[in-house]
Amino acid sequence: MRKAIVFLVAVMVGYFVYDRFYSKPDTEEVAAVKALESRFDAAVGKFVRGHQQMGNLGMDTTADVESAVNQVRIVRDDLAELMKRLSEKAAVRRADEFDARIRDFYEKNSIE
């Protein structure tokens, strides 16, 4: 058991050193996509909390849900604009994956 713990700690330290000193920093385009992803994640969190409050408390939180959906729409539009300007393969790949996440969110929640 002790060997396993020492091994896990060594792996964690190794990952930290690699991430801190050897991984490349994000380019400007990848950073822009990540910023949109964080805005999307915040809006989805607000959407989920609004639905939970409607179910648990019986409160009318439709304004919260609608606000979250509007934020997702803005992020989707911003992503479409950004995708027109992307030139790096990594940024384009990440943007395509993110676009698929947004479409999946729309389908799962029956949003048009």
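Entry 1. I began with K84 and E81, which both lie in helix α3 (residues 62-85), three residues apart, about one turn of the helix. For helices I use DSSP runs (H or I, at least four residues; strands are E, at least two), numbered from the N terminus. K84 forms a salt bridge with E81, and their closest N and O atoms are 3.3 Å apart. By salt bridge I mean a side-chain nitrogen of Lys or Arg within 4 Å of a carboxyl oxygen of Asp or Glu.

A note on the source: this is a predicted model, where local features need pLDDT of at least 70 and side-chain atom pairs count only at pLDDT 80 or more, while totals for chains, interfaces and linings use all residues. Residues are numbered from 1 along each chain as its sequence is written, and side-chain values use heavy atoms, with hydrogens and water left out.

Entry 2. Is K84 buried or exposed? K84 is exposed, with a relative accessible area of 64%, whereas E81 is partly exposed at 42%. My cut-offs are under 20% relative accessible area for buried, over 50% for exposed, and partly exposed in between (1.4 Å probe, protein chains only).

Entry 3. I then moved to helix α4 (residues 89-108), where R93 and E97 lie four residues apart, about one turn of the helix. R93 forms a salt bridge with E97, with the closest N and O atoms 3.6 Å apart. E97 counts as partly exposed, at 45% relative accessibility.

Entry 4. D77 forms a salt bridge with R76, the closest N and O atoms being 3.9 Å apart. D77 is partly exposed at 43%, and R76 is partly exposed at 31%. How many salt bridges does the rule give? I noted a count of eight.

Entry 5. Next came E37, which is found in helix α2 (residues 28-57). E37 counts as buried, at 11% relative accessibility. Which residues does E37 touch, leaving aside its neighbours within four places in sequence? I found R94, F98 and R101 in contact with E37, contact being heavy atoms within 4.5 Å.

Entry 6. I followed F98 from there. Leaving aside its neighbours within four places in sequence, F98 is in contact with L36, E37, F40, V75 and L79. The largest nonpolar core has 22 residues, and F98 is among those with the most contacts inside it, together with F40, F47, V72, I102 and F105. Helices α2, α3 and α4 each supply at least two residues of this core. Such a core is a set of buried Ala, Val, Leu, Ile, Met, Phe, Trp, Tyr and Cys residues joined through side-chain atoms within 4.5 Å.
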